[in-house]
Structures are given as structure tokens and as C-alpha cells.
Amino acid sequence: MRLGIRDALYLFIIFLLIAQLWSVSRENERLREEQKSIKETLVTSQLIHEIFELRRHAKLTNVLMDTPPGTESKLALLIELNNTKYSLSRLERDVDHLGAWLGYENDSLSPSGGDCVELLEVVYYTVQSENMTHEDVLLAFNGLDTIINFTRVYPPTYGNIIQGLSDMNKECWRLLQEANRTQKK
């Protein structure tokens, strides 16, 4: 079977189309990777902003814990405890939602959530009741220190933030369990 000039031209055009298709598919893959990288950068930036907000509220709450008791300082402390709790809740919620947006649907990536929020609620109600014991003050300071230490996550990648939240919540759970054992004695 002999190939004529027309057949050779058709084969050459088919070869060019295949090469173009291969080139376009490589470019699409590169663009998908770039898009994923941009998404991760956006998510990390948003989470870093929220971590800084959390740190600011936790540090201010820590300072207010040291102020002499009074009506105004108690009100300021309650407000900042509430702000810290809200910032932490929002961070944990956003980590979950933004992780889903990135395509992380693995349950191992989600924080073991809520233990530090629960600790902050316990501290809030203890401050509100005006019956703070030495153990309650220690629980508050240790819980706030745990939260502040979490906010120093580095490098701030999505995975490190998840790990940091998980470790922070485990430590808060341990502090709550310890406080429960102390109260039972």
C-alpha cells in the first residue's frame, strides 16, 4: 500500500492535532495545579487572619484575668471571654468549610473540636458566678495559654493548622478532665 502526498498530508495533520491535544492537556493540568495552589493560599491567608484575631482576644483575656476584680473589669473579662470563644468557634467552623472547599473530605483532617470552646464556656460561667477558686483560675490561665500557644503554628499550612487545632483541643480536654477530678475530691 503506497501513501500518496494527500495521505501523507492527512497523517501530518492528524499528528499535529494529536500534538496540540497533548499540549493543551498538559497546559490544563498545569492550570489546575496552579488553581489549587491559589486556593490553598487563599484559605491559609483567611485562616491566618482568624488565628491572629483569636490570639488578640486570648491575650487580652489573659491580661484581664490579672486585673483586680471590679464591675467594669468583670464585664470586660466576660466580653473578651465571649469574643475568644466566638473567634475559636469561627476558626474551627471555617477550617471545616474551607477544607471541604479545597477538597479535603478526610475525617482525619477535621479538628477534634470543641473542647477549648467548652473550656472557655466553663471559665465564662465561673467568672459570671463570681465563685472562682484557685483551681478555676488555673484552668482559665492554662486554657488561655494553650490557645495562645496554638496561635503560633508554623509554617501556617492547612495541615499544620488542623494538627495544631487537634493538639490544642486534646490539651483543653485534658485540662477539663483534670479540673473535673480536682472538683470531685
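Colleague: Are Cys 116 and Cys 172 buried or exposed?
Modeller: Good place to begin, and please keep in mind that this is a predicted model. Residues under 20% relative accessible area count as buried. Cys 116 falls in that class, and Cys 172 does too, so the word for both is buried.

Colleague: What joins Cys 116 to Cys 172?
Modeller: The rule to apply is that the two cysteine sulfur atoms must lie within 2.5 Å. Here the S to S distance is 1.9 Å. The count by this rule comes to one. What joins Cys 116 to Cys 172 is therefore a disulfide.

Colleague: How many residues apart in sequence are the parts that this pair ties together?
Modeller: Cys 116 sits in helix α3 (residues 115–129), while Cys 172 belongs to helix α5 (residues 158–184). The link itself is right-handed, with 90 degrees about the S-S bond. Because the two ends lie in these two helices, the pair ties together parts whose separation in sequence is 56 residues.

Colleague: Is α2 roughly parallel or antiparallel to α3?
Modeller: Start with the angle: the axes of helix α2 (residues 71–102) and α3 cross at roughly 165 degrees, coming within 10 Å. Angles over 145 degrees count as roughly antiparallel. The crossing is left-handed. So α2 is, relative to α3, roughly antiparallel.

Colleague: Which way does α1 run relative to α4, roughly parallel or antiparallel?
Modeller: The helices α1 and α4 pack with axes 9 Å apart, at an angle of about 155 degrees. Their crossing is left-handed. That angle is over the cut-off of 145 degrees, so α1 is, relative to α4, roughly antiparallel.

Colleague: How many charged residues does the contact of α1 with α4 have?
Modeller: Among the residues that meet here are Leu 54, Ala 58 and Lys 59 from α1, and Phe 141, Leu 144 and Asp 145 from α4. By class, 10 are nonpolar and two are polar. The charged residues number two.

Colleague: What is the relative accessible area of Thr 61?
Modeller: Thr 61 is found in helix α1. Leaving aside neighbours within four places in sequence, Thr 61 is in contact with Leu 77, Glu 80, Leu 81, Thr 84 and Leu 144. Thr 61 counts as buried, with a relative accessible area of 0%.

Colleague: Is His 57 buried or exposed?
Modeller: His 57 has its place in helix α1 (residues 5–65). Not counting residues up to four places away in sequence, His 57 touches Glu 80, Asn 83, Thr 84 and Ser 87. With 8% relative accessibility, His 57 counts as buried.

Colleague: What is phi of Glu 130 near?
Modeller: Glu 130 lies in the loop between α3 and α4 (134–150), and at 59% relative accessibility Glu 130 counts as exposed. Most residues other than glycine have a negative phi. For Glu 130 phi is positive, near 65 degrees.

Colleague: How far apart in space are Glu 53 and Glu 130, C-alpha to C-alpha?
Modeller: Glu 53 is found in helix α1 and is partly exposed, with a relative accessible area of 23%. In sequence, Glu 53 and Glu 130 are 77 residues apart. In space, C-alpha to C-alpha, their separation is 27 Å.

Key. Residues numbered from 1 in each chain as written. Predicted model: local features only at pLDDT ≥ 70, side-chain atom pairs only at ≥ 80, totals over all residues. Heavy atoms only, no water. Helix = DSSP H or I, 4+ residues; strand = E, 2+ residues; numbered from the N terminus. Buried < 20%, exposed > 50% of the residue type's maximum accessible area, 1.4 Å probe, protein only. Axes fitted to C-alpha atoms, helices over the stretch in contact; angles between N-to-C directions. Parallel < 35°, antiparallel > 145°, perpendicular 65-115°, else oblique. Left-handed = near helix turned anticlockwise from the far one by under 90°. Contact = heavy atoms within 4.5 Å. Nonpolar A, V, L, I, M, F, W, Y, C, P; charged D, E, K, R; others polar.
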